[in-house]
Amino acid sequence: MVRQQAEYILTRMLEAEKLLTCGEDSRQSYLSMHGARFAEIMRLCRTYVPDPSARVLDIGRSELTAHLAGFYGNVRTLGLDPGTDDGGHRELTALHAVPHITFDLLRADRLSEWPDCGPFDLIVFSEVLEHLSIAPEYTLAFLRSLLTDKGILICTTPNAAEIAKRLRMLLGRNPYQRLRLYALNPGHIREYTRLELGAIAESVGLRCLHHKYSDWLPSRKRGSMRSAGAKVLRAYPAFRRFQSIVLTR
């Protein structure tokens with residue numbers, strides 16, 4: 001009886017979490033919130049790889065893939081099997097013309113299993129790194145192996161040291177997400193600072209061409225609080241919520 005009760009409670013919690021993080025409303029909300037991120041990534045892509053015929057790989061099939069395919073004519077995606085992956089970042093636009101390479105990045109530590117699918121002129125690795133429960137060196141080394149000699153890797157990820165997290169910690173509140181019940185759509189397992197990200201990339205033979213702190217999400221603050229917050233972020237960019245880094249071999 002105790003086991004049945006536990007199973008019932010945990011199943012209800014799991015289904016509620018799946019609805020909240022993977023449901024249609026969740027995806028629509030995510031896309032509306034991240035429009036500015038997509039625009040910034042496309043700006044970086046077109047700046048560093050302006051050739052529309054470039055071979056492009058998007059890590060993690062998402063609505064960003066549709067933006068990339070709207071400019072580049074040779075786009076592929078890599079990640080979990082789209083037939084089983086119903087994570088909250090998944091696309092709403094049909095991507096039937098975009099080939100997909102199935103590979104679980106959590107197996108990147110098994111070098112013999114790396115798919116031989118390169119080389120690529122551009123790899124986009126956006127808002128994925130923080131979801132991986134594996135040493136990032138394995139993942140970045142794998143992506144480096146897929147780059148052409150002058151290929152570009154664009155990575156965006158949350159800033160572990162943003163101001164809101166610092167303030168929550170001062171108040172005794174954990175600023176980081178709890179582990180989720182639904183393993184196929186994990187939350188943020190580990191976030192990174194700029195120094196960490198640069199050091200990890202350098203350790204696997206990647207060179208930083210550009211780094212920037214950003215704040216893509218719309219602010220929920222109003223009036224004077226919003227204005228004061230904007231001034232702080234302008235004065236101290238390292239307090240912003242996200243960061244982007246452009247890497248090459």
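1. Helices (H or I, at least four residues) and strands (E, at least two) are DSSP runs, numbered from the N terminus. This is a predicted model: local features need pLDDT of at least 70, side-chain atom pairs count only at pLDDT 80 or more, and totals for chains, interfaces and linings use all residues. Residues are numbered from 1 along each chain as its sequence is written, and side-chain values use heavy atoms, with hydrogens and water left out.

2. Strand β5 (residues 147–158) pairs with β7 in the antiparallel sense, over seven bridges. Two strands pair if DSSP finds at least two bridges between them. Strand β6 (residues 207–214) also runs antiparallel to β7, and seven bridges join them. Here His211 stands opposite Ile245.

3. How many residues of β7 are buried? Seven of the seven residues in β7 (residues 242–248) are buried. Buried means under 20% relative accessible area, exposed over 50%, partly exposed in between (1.4 Å probe, protein chains only). In a regular strand the side chains alternate between the two faces of the sheet. Both faces of β7 are covered. Phe242, Ser244, Val246 and Thr248 are buried on one side. Gln243, Ile245 and Leu247 are buried on the other.

4. Now helix α5 (residues 136–145). Its residues Pro136, Thr139, Leu140, Phe142 and Leu143 are buried. They sit on the same side of α5, because they cover an arc of only 155° around the axis. The arc is that of the directions from the helix axis to the C-beta atoms. The cover over these buried residues includes β1 (55–59), β2 (74–79), β4 (120–126), β5 and α7 (194–203). Contact here means heavy atoms within 4.5 Å.

5. Next, the charged pairs. The whole structure holds nine salt bridges. A salt bridge is a side-chain nitrogen of Lys or Arg within 4 Å of a carboxyl oxygen of Asp or Glu. Glu113 takes part in a salt bridge with Arg107, with the closest N and O atoms 2.7 Å apart. Glu113 also meets Arg110 in a salt bridge (3.9 Å, N to O). Glu113 is partly exposed, at 33% relative accessibility. Arg107 is partly exposed at 32%, and Arg110 is partly exposed at 41%.

6. Asp149 and Arg249 form a salt bridge, with their closest N and O atoms 3.9 Å apart. Asp149 lies in β5 and Arg249 in the segment after β7, so the pair ties together parts that are 100 residues apart in sequence. Asp149 is exposed, at 65% relative accessibility, whereas Arg249 is partly exposed, at 32%.
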